[in-house]
Amino acid sequence: MGTTTSSTSSEPGTRTTYAVCGLSNRGVASFLRPLLGSRGGSESSVGFGANVEDYSGSAELVAVLDADAARIGEFRDTLLPAGYGPVAEYGADDVGRMLDETRPDVLLVTGPDHTHAGHVLAALERGVDVIAEKPMTSTAHDAARVLAAERASTARVRVTHNLRYTPRHRQIRRLIADGAIGRPTHVTLEYHVDTRHGASYFLRWNRTRAASGGLSIHKSCHHLDLINWLIGDLPASVVAHGAQNYFGPRSPHRPAPGDVDPYAAALSASGALPGADGVRRGLFDLAYREQYPQPMSLYDDEIDVEDTYLALVRYGGGAALAYSIDFSSPWEGYTLGISGTHGRIEATYGRERDGQPREGSDHIVHYPLFGSRSRIDVATGAGGHDGADALMRADLFGTPSAESAELGLAASTQQAAYAVAAGEAMWRSASTGAPVDVAALLEGEA
């Protein structure tokens, strides 16, 4: 049996029950705290979805699984509300037993990417619905397995592609759906991850292909899914270039003995370094003793994923995407252009090194092909990821809005699978120089 922490729970059986696989920063801040009724504060406000929602009246956490038993204990002792009901505790290999013993209505999958497939498949086999953090899986092969398992199951999978939910992206989707630019023909998306944020990936499990599938899956699936959704199409083929330009053993920034690491200032604010006691801690002061037992360096030999990509994506409907991303930039954000047969949309969004909004982040511009440009102001959303997380949680834990149904805000498993496969196609093409057929990856033929 899993260890169970018990206290009295009111009105048993009247709420949706949840189990969680993985006490990640995002899993705790963005999903568990709203379900528990804990209000997000300053420490969960940047990038992890600060919240003012309280779903505890309709939700009940019944089980937690994580590879680190001590981390589960800290979560139980510091973040479970006083008097909360029994929450069973399980180790990394116990997902099947946890599902069989606690029988949750929904499984939350928020652990490292390479663990997603096993957890999702175990739930589908038992008819348990799934909410999976993006990416749905870390490989196209596993994405295909999930698609097949969902078809054979009574349960369904929802994937948290939250970029769809920001105010500006909903406005752009609406403009395209209303015919403002005609049929989309080509898209340019140039994305930058700043030195602090970018370096943090290379001090976490994300830095190996085995654990993350590479950043073209872990991070770029966000952007690939966004474009797929905005233009209403799926990627057909990808040709890409990728390289290690900033991190890893051949980094030009690797300091000589006695020199100061140029990333030192950025890393000190990243939350990815151990404290004075040698223990790394995440949000809410939860320790990572098992996951990160030793200090990591940005220049370690084990780093085997790229930190720069440039890709050309061809879509089934004829459109094309020119996409680039780097993980060590002076600023964070993107420039986006979407052209169509009858016009163009342009958007800039981001923040400077000092945290100030990048110029142009408060509006988008529409250029009719034969007419005057118009500026469309876009309000910044409240809460994590420019307000996206709160709206997404309303879909996941409440009743989806009419706008959500109209715009198709919730990502389907097929859409999530194509985001994974396109990301895998990027690193595969970068390694061979040849184009990669995205659908073939999902069919096991590439």
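This is a predicted model: local features need pLDDT of at least 70, side-chain atom pairs count only at pLDDT 80 or more; totals for chains, interfaces and linings use all residues.
Reader: Where should I begin with a helix, and how does the span of helix H1 compare with what its residues should give?

Author: The general idea is that an α-helix has 3.6 residues a turn, so residues three or four places apart point the same way. In this structure, helix H1 covers residues 25–36, and at 1.5 Å a residue its 12 residues should span 16 Å, which agrees with the 15 Å between its end C-alpha atoms.

Reader: Is H1 mostly covered or mostly exposed, and which of its residues are buried?

Author: H1 is mostly covered, since 12 of its 12 residues are buried. Among them are the charged residues Arg 26 and Arg 33, together with Phe 31, Leu 32, Leu 35 and Leu 36. The residue that follows H1 is Gly 37, and its phi is positive, near 90 degrees.

Reader: How many aromatic pairs does the structure hold, and how are the rings of Phe 31 and Phe 397 arranged?

Author: There are 10 aromatic pairs in the structure. In the pair of Phe 31 and Phe 397 the ring centres are 6.4 Å apart and the planes meet at 85 degrees, and because an angle over 60 degrees counts as edge-to-face, that is the name given to this pair. Distant parts of the chain are linked by this pair, for Phe 31 belongs to helix H1 and Phe 397 to helix H12, 366 residues apart. Phe 31 has a relative accessibility of 1% and so counts as buried, and Phe 397, at 8%, counts as buried too.

Reader: What kind of pair do Tyr 334 and Tyr 349 form, and where in the chain are they?

Author: Tyr 334 and Tyr 349 form a tilted pair, with 6.1 Å from centre to centre and 45 degrees between the planes. Tyr 334 is in strand S12 (residues 332–340) and Tyr 349 is in strand S13 (residues 343–351), 15 residues apart. Tyr 334 has a relative accessibility of 5% and therefore counts as buried, whereas Tyr 349, with a relative accessible area of 27%, is partly exposed.

Reader: Which residues form an aromatic cluster, and which charged end sits over the ring of Trp 331?

Author: One aromatic cluster is formed by Tyr 18, Phe 31, Tyr 55 and Phe 397. As for charges over rings, the charged end of Arg 358 sits over Trp 331, 3.6 Å from the centre of the ring, and Arg 71 lies over the face of Tyr 288, at 3.8 Å from the ring centre.

Reader: How should I read backbone angles, and which residues are joined by a cis peptide bond?

Author: Most residues other than glycine have a negative phi, and most peptide bonds are trans. In this structure a cis peptide bond joins Lys 134 and Pro 135, with omega about -10 degrees, and Pro 135 is in the loop between strand S6 (129–133) and helix H5 (140–152). Arg 103, which is not a glycine, has a positive phi of about 45 degrees; this residue is in the loop between helix H3 (95–102) and strand S5 (106–109), and with a relative accessible area of 66% Arg 103 is exposed. Phe 284 also has a positive phi, near 60 degrees, and is found in the loop between helix H11 (264–268) and strand S10 (308–315), but at 9% relative accessibility Phe 284 counts as buried.

Reader: How much space lies in the second largest pocket, and which elements supply its lining?

Author: The second largest pocket contains about 210 Å³ of space. It is lined by 14 residues, and those closest to its centre are Arg 156, Arg 158, Asp 395, Leu 396 and Ala 410. Strand S7 (157–160), helix H12 (388–397) and helix H13 (402–407) each supply at least two residues of the lining, and by class the lining has nine nonpolar, two polar and three charged residues.

Notes. Residues are numbered from 1 along each chain as its sequence is written. Side-chain values use heavy atoms; hydrogens and water are left out. On a 1 Å grid over the protein atoms alone, a cavity is a set of points where a 1.4 Å probe fits but cannot get out, and a pocket is an open set with protein on both sides within 12 Å along at least five of seven lines; lining residues have an atom within 4 Å of a point. Grid points are joined across faces, edges and corners, and a volume is the space filled by probe spheres set on the points. Helices (H or I, at least four residues) and strands (E, at least two) are DSSP runs, numbered from the N terminus. The expected span of a helix is 1.5 Å times one less than its number of residues. Buried means under 20% relative accessible area, exposed over 50%, partly exposed in between (1.4 Å probe, protein chains only). Rings of Phe, Tyr and Trp (its six-membered ring) pair if their centres lie within 6.5 Å; planes under 30 degrees apart count as stacked, over 60 as edge-to-face and the rest as tilted. A charge sits over a ring if NZ of Lys or CZ of Arg is within 6 Å of the ring centre and within 35 degrees of the ring normal.
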